[in-house]
Structure formats: structure tokens, C-alpha cells
Amino acid sequence: GASLRALPAGLPMDEAAAVVVTGLTAWVALARIGRLQRGETLLVHGARGGVGWACVQLGLHLGAKVIAAATQPERLAELAALGVQVLPSSGFRAAVLEATQGRGADVVADPVGGDVFDESSRCTAFGGRLLVLGFASGRIASIDSNRPLIKGFSVVGVRAGEYGRHFPQHHLEHLAAVNRLAETGVLRPHIGARFALADAKAALEAMASRSVTGKIVVTMPAFGGA
């Protein structure tokens, strides 16, 4: 019972469930831990994925200049109309430095890890926050401690659920914020595919092959159904 919570009003069940998961991670990362401020530059990796997509939306809402990177940047073309600079997920360092007059990104949201993390550490601003959200690339990156020392940035891990278990009152505040943003349309999940529970294996295979943009949702049968 302690884990039950109300979903945002006015959204279908699948969208509501998806936005709470991704939105909560984005909120804890950017608003709580990353302390993203209006006018700062936010670099979001894995922007085609559920968490990356939520970070882009929240970054825009918080008034940041948003740069989105993805393995298939052409699938993020619609973000350009919102003022988002879209880059490929490799070779982005020079473009980020150019866009920030050599400073680098104030906040980096990285659910990818691996080479992306390595390159991000070379274009994070002095006083910046490099947020570790996951290792979708399959490689857990490491960093020499002299780099954050000399460049004056922090590397911070983000686990929204674990953060909430350590700080229950903050968790309630985070959920309320995400629900509010979902109900007002600021946070909208991009559901790339829906699978019935019986096809859960296919859902996992689609996730592993990275063939789906956004969030994959597994739907439960209606109560009392077969």
C-alpha cells in the first residue's frame, strides 16, 4: 500500500504511468540534484529515449538552453521548432563548446554512459554538473579525478527511486511536481510502442534492439478480462 500513488488526472492509464516513471527521473535529476537554472545550458543524451525526452521537456520548461543528442538525430527534428539544438551522439564536443562560447554545458543528463560520458566530461562547464542516469551504451565509464578537479565540475549519480526512499518527504514533493507538469501538458511521454502482457518478450527484444523511439509500454488486460 505504501507504494501506491495517484496518477496524473486527465491522461490515459498508459501515458500516465509512463510519464510518472520518466518524469520523476527527469525532475530529480534536473530540478533537485542538478539545480538547473534559467538561462543555463543543458545537454541531454539519449534524447530519443523516455528519460531523455522528459529531460528535454523539463529543461525547456525550466528556461534552459537545451542541446539534445541522439544516435539518430534526424528523429528529433521536431525539437528544432522548440529552440532545441539537435546533435549526433558522437563528435558533439566541438558543437557544444561553440554553442556556449567555449564554456561547456552547465548540466549534462547522461543515461548512455560509455563514450558519450567520456566526451561529455570534456565539454562540461566549470561549476557544471555531469549527471549519471544510466549506462544504455553497455559500458560503465570511468573518469580520472584530475579532470573534475581541474575543470571544477561535479559528477553525480541519479537514482530517483532510491533518492525518494532516503528522503520520503522530498519524494512526495517530486511526485506532486511531476503530476502537476503532466496535467498541464509540460511533460508528455512519447510512447513508441505498446505490447500486451502476453507479448512482454517481444517488448524486451524491441528495447534491446533499440528499434523504438521513446517509451515502451506493456499493457495489462482489463480487470476481469481474460
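A pocket, as the word is used here, is an open set of grid points with protein on both sides within 12 Å along at least five of seven lines, and its lining residues have an atom within 4 Å of a point. With that in hand, here are some close-ups of a predicted model.

**View 1. The second largest pocket sits between α1 and β8 residues, among others.** Each of these two elements, α1 and β8 (215–219), supplies at least two residues of the lining. In total, 11 residues line the second largest pocket, and D14, A17, V217, V218 and T219 lie nearest its centre. Its volume comes to about 290 Å³.

**View 2. Strand β1 has buried side chains pointing both ways.** Look along residues 41–44: T41 and L43 point one way, L42 and V44 point the other, and all are buried.

View 3. Strand β2 (residues 65–70) runs parallel to β1, and 4 bridges join them. Within β2, V66 is the bridge partner of L42. To get from β1 to β2 the chain passes through helix α2 (residues 50–61), making a right-handed β-α-β crossover. Strand β4 (residues 105–110) is also parallel to β1, this time with 3 bridges. Here L42 stands opposite V107.

View 4. Who does L42 touch, leaving aside its neighbours within four places in sequence? Its contacts are L30, L36, C55, G59, A64, K65, V66, I67, V107 and A109. In soluble globular proteins, nonpolar side chains do tend to be buried together.

**View 5. One cavity turns up in the whole structure.** The search found 1 cavity of 30 Å³ or more, and the volume of the largest cavity is about 40 Å³. Its lining is made up of V19, T22, G23, G50, W53, A54, Q57, L187, R188, P189 and H190. Both α1 and α2 give two or more residues to that lining, with α2 giving the most, 4 residues.

Terms used
Residues numbered from 1 in each chain as written. Predicted model: local features only at pLDDT ≥ 70, side-chain atom pairs only at ≥ 80, totals over all residues. Heavy atoms only, no water. Buried < 20%, exposed > 50% of the residue type's maximum accessible area, 1.4 Å probe, protein only. Pairing = 2+ DSSP bridges. Right-handed = clockwise from strand over helix to strand, strands pointing away. Contact = heavy atoms within 4.5 Å. 1 Å grid on protein atoms, 1.4 Å probe; cavity = no way out; pocket = protein on both sides within 12 Å on 5 of 7 lines; lining within 4 Å. Points joined across faces, edges and corners; volume = space filled by probe spheres on them.
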